[in-house]
Amino acid sequence: MAVGLDIGTGNLAAARLKNKSVEVKRLRNAFVSIDEEQKQRLASGNLNAVHIKDKSFIVGDEAISIARILNQEVKRPMASGVLNPEEKDGRSVVGALVKALLGEPEEEGERCCFSIPAVPVDNTKANNVWHTGFFSQLVEGFGYTPEPVNEALAIIYAECADEGHSGIAISHGAGQVNVCASYKLVGSLEFSISRSGDWIDQNSAAAVGTSIARILKVKEDPAFNLLDPEALDEEAGPAIYYHYAAMIKYEIGHLVQQWAKMKAQLDFPDAVPIILSGGTASLKGFKELWEMELNKFQKKNPLPFKVKEIRMASDPFGAVARGLLTYAMTQELAFGIA
Ligand SMILES: Nc1ncnc2c1ncn2[C@@H]1O[C@H](COP(=O)(O)OP(=O)(O)OP(=O)(O)O)[C@@H](O)[C@H]1O
Ligand SMILES: [Mg+2]
């Protein structure tokens with residue numbers, strides 16, 4: 001028995017094997033503080049509330065709608081892929097959310113592989129030591145055996161098994177873009193950049209002088225299409241499109257740059273697939289925009305790898321948790337702790 005836990009800036013997800021198929025549960029990694037009066041008023045609503053010392057919070061998916069009703073900003077326990085140092089209460093909140101997702105271990109010391117981001121190449125001050133230590137201890141405290149695994153490597157496990165675990169997996173989250181290039185799990189490159197969904201939201205909102213809430217409403221509308229960005233909103237739509245295109249260009253540039261640094265270990269003999277995953281990649285038109293940006297890039301610079309195909313992950317929101325579960329089960333088979 002094992003569990004895969006994706007700890008993301010925007011969403012938390014846990015994958016387990018249930019009746020021979022994988023079940024993925026997801027919760028928004030968000031919260032909102034409520035005072036005594038609001039607590040009384042909301043008490044009848046059967047909401048996901050967490051009480052820590054003398055404070056109360058609405059957590060998870062309901063935090064988004066309650067924040068709107070109370071006209072408050074949603075708070076986030078994490079920022080840029082790691083624990084948010086500005087939100088001290090966030091640590092207790094994320095602890096409660098992880099507990100709700102994991103529940104009790106099915107056996108003492110059940111393996112729990114959890115995702116960690118790579119250190120971003122565009123923020124040399126960042127590190128993930130504190131973040132990794134905090135979640136290892138948290139998960140261990142719930143009775144599991146924790147094992148941190150790179151988020152993009154998990155996607156290689158979820159999506160590239162048929163290709164001998166060879167591919168370039170790119171996880172487009174809220175806080176970061178995480179990249180892993182693997183050739184049969186031997187030569188591998190892992191890095192992240194700190195421009196992703198939140199960067200698109202903040203910069204699109206600032207560019208056209210609007211709120212992040214309006215940007216999110218357009219961006220997360222199932223009808224929004226990056227190939228026809230003006231259709232839903234003539235101002236916010238194109239702003240979102242330009243920031244998406246800029247993020248993709250930036251990410252391709254960094255991929256080629258990081259590859260060049262590790263050239264000797266990354267001489268992949270065969271063409272490999274590029275897997276696009278994560279909530280930020282889940283929009284209509286994302287794959288097409290990615291292909292267009294890669295073609296533009298290729299006209300000016302040769303690529304150091306051969307591309308077999310560019311494809312979307314089969315479950316962009318759940319791929320990391322699914323891959324972590326597969327990784328955990330592979331470890332169980334190899335080292336069998338039970
Ligand atoms: N329906 C949707 N359409 C478009 N974007 C969405 C949708 N739902 C969520 N997103 C965006 O996807 C991002 C969250 O994606 P995801 O859950 O993969 O990130 P995360 O794993 O929590 O973050 P990270 O990996 O950076 O720590 C957010 O920026 C969010 O706005
Ligand atoms: Mg993620």
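Me: A crossing counts as left-handed if the near helix is turned anticlockwise from the far one by less than a right angle, and as right-handed if clockwise. Is the crossing of H6 and H7 left-handed or right-handed?

Reply: This is a predicted model, in which local features need pLDDT of at least 70 and side-chain atom pairs count only at pLDDT 80 or more, while totals for chains, interfaces and linings use all residues. Residues are numbered from 1 along each chain as its sequence is written, and chains are lettered from A and ligands numbered from 1 in the order in which they are written. Helices (H or I, at least four residues) and strands (E, at least two) are DSSP runs, numbered from the N terminus. The axes of H6 and H7 (lines fitted to C-alpha atoms, for helices over the stretch in contact, with angles running from 0 to 180 degrees between N-to-C directions) come within 8 Å and cross at roughly 115°, and the crossing is right-handed.

Me: Which residues of H7 make the contact with H6?

Reply: Two residues are in contact if their C-beta atoms, placed from the backbone, lie within 7 Å. On the side of H6 the contact is made by Asp201, Gln202, Ser204 and Ala205, and on the side of H7 by Ile212, Ile215 and Leu216.

Me: Which elements give two or more residues to the shell around ligand 1?

Reply: A residue is near a molecule if its C-beta atom, placed from the backbone, lies within 6 Å of it. Of the 22 residues around ligand 1, those that come nearest are Gly8, Gly10, Gly173, Gly197 and Gly279. Two or more residues of the shell come from each of helix H6 (197–208) and helix H7 (212–219).

Me: What is the bridge partner of Val50 in S6?

Reply: S5 pairs with strand S6 (residues 55–59) in the antiparallel sense over four bridges. Within this pairing, the residue of S6 that partners Val50 is Phe57.

Me: What angle does the direction of H4 make with that of S10?

Reply: Five strands form an open sheet of mixed pairing in the order S3-S2-S1-S9-S10, whose edge strands, S3 (21–28) and S10 (144–150), each pair on one side only. Strand S9 (residues 110–116) and S10 pair in the parallel sense over seven bridges. Helix H4 packs on this sheet, touching S1 (2–7), S9 and S10, and its direction makes with that of S10 an angle of about 150°.

Me: How far apart are the end C-alpha atoms of helix H4?

Reply: The expected span of a helix is 1.5 Å times one less than its number of residues. Helix H4 (residues 129–141) has 13 residues and should therefore span 18 Å, which agrees with the distance between its end C-alpha atoms, 18 Å.

Technical notes: Two strands pair if DSSP finds at least two bridges between them.
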